[in-house]
Structure formats: structure tokens, C-alpha cells
Amino acid sequence: LGELTRVDGVDPHLELGGLVDLYQWEMGNPALLFDHLQGYPPGYRVLANVFTSLRRIALSLDLPLDYGPREFVQAWRTQLKDLRPIPPRVVDTGPVLAHHQQGGAVDITRFPAPLWHAGDGGRYLGTGTVDVTKDPDSDWINLGTYRVMIHDRKRVGLYISPGKHGRQHRDKYFARGEP
């Protein structure tokens, strides 16, 4: 569909982030799939700029590909009204369970987490993630997008700006001395 550009052999230290920046500013640009990253085995990839095309967003939401912005929003609102969540099904096997690390084998640094910008404090594994928090005083679940930075082989830090709901949840746990 012309919605993806494959880029092989880039350095995830600033080069990848620079290319992402060049392509992210205009709607209609293709998503970028970085493969054969310097310093990582084949198959460890980074996909960026997934939301830079209304056609691509429509494709992922099963909406017509030829809608303009206004038609798209109207169709999405209509689709949301009829949305019926699929209940989860717990399974014993499957691709998501095929690879795992435990205990001393855990090494987060094996994943290609780019240094996106020269001023960043480290390599970010999550930039467009969905981070789930739960209010300790209620059943309120929040889904937020926060930055996840690698600190070492076993630890990441999650940055949540002040005022965000995830930050409010986190602060309640911290005030109680709870994880």
C-alpha cells in the first residue's frame, strides 16, 4: 500500500532518531521499519511513525482508506458506539510465551532501544507505549503513554509528567510506601 519504508543497517545511537524526526512531521509519510540495526542480531527491529498516515490508521481500525479527516473521525465515533470488547482467554501455549527470560538471565539491553536525541538521558525502550496504572483507592484503570528508559540490564524508569493520571496513581502508591 506504500505505507511502509524499510531501512536497513542504521545505528540506533542518534541516527535512527534523526531519520524518524525527518519523517514524522507530515501526515502521509510512511511508517519506518528499521531492521539489521548496528549492534543487534537480524530480526530485532524498530517500527516508528505508525501514526503519520490517516490511511494506515484507517486500515488498522477497519475503516475505509479513502476518508478525509472529518469523515474518518465521524466513522470512528460511530464504530466506537458499537464496539464490543472481546473477553481475554488464558492459554498455556502461544507465540507470546515462546521466548522468556527469568532471574539472572533477564537482560533488557538486548532489545534495540535507540538514543533518540542527543539531549536524552538514555536509551528509550518505550515512547509510544500503553502503560497501565490502577488507582489504589478504586477500580479506576488508566492507560497512558509515558516514556520508558533503560537504566541497566534489569531496570527501566517510567517518566510520567506532573498532572497525568498515571502520575496521580503513582504518587498515591509512593505516599504509602508501596510499589
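These notebook entries record what I looked up in one predicted model.

**Conventions.** I number residues from 1 along each chain as its sequence is written.

**Entry 1: the largest pocket.** I looked up the largest pocket and noted about 520 Å³ of space in it. A pocket here is an open set of points on a 1 Å grid over the protein atoms alone, where a 1.4 Å probe fits, with protein on both sides within 12 Å along at least five of seven lines; lining residues have an atom within 4 Å of a point. The volume is the space filled by probe spheres set on the points, which are joined across faces, edges and corners. I found 24 lining residues, and the closest to the centre are Leu 47, Ala 48, Asn 49, Thr 127 and Gly 128. Helix 1 (15-24), strand 3 (46-48) and strand 4 (124-126) each give two or more residues to this lining. Helices (H or I, at least four residues) and strands (E, at least two) are DSSP runs, numbered from the N terminus. By class I recorded 13 nonpolar, 9 polar and 2 charged residues. Nonpolar covers Ala, Val, Leu, Ile, Met, Phe, Trp, Tyr, Cys and Pro, charged covers Asp, Glu, Lys and Arg, and the others, Gly among them, are polar.

**Entry 2: the second largest pocket.** I noted a volume of about 150 Å³ for the second largest pocket. Helix 4 (residues 165-175) supplies the largest share of its lining, 5 residues. The lining includes His 169, Arg 170 and Tyr 173, as well as Leu 158 and Pro 179. I recorded 5 nonpolar, 3 polar and 1 charged residues there.

**Entry 3: positive phi.** Most residues other than glycine have a negative phi. I found that His 36, in the loop between strand 2 (31-35) and strand 3, has a positive phi of about 50 degrees. Asp 62, in the loop between helix 2 (54-60) and helix 3 (69-81), has a positive phi of about 60 degrees. Asp 62 is exposed (over 50%), at 69%.

Entry 4: I looked up an open sheet of 3 strands, in the order 4-7-8, with antiparallel pairing. Two strands pair if DSSP finds at least two bridges between them. Strand 4 and strand 8 (155-159) are the edge strands. I noted 2 bridges between strand 4 and strand 7 (residues 147-152), and Tyr 124 stands opposite Met 149 in strand 7.

Terms used
This is a predicted model: local features need pLDDT of at least 70, side-chain atom pairs count only at pLDDT 80 or more; totals for chains, interfaces and linings use all residues. Side-chain values use heavy atoms; hydrogens and water are left out. Buried means under 20% relative accessible area, exposed over 50%, partly exposed in between (1.4 Å probe, protein chains only).
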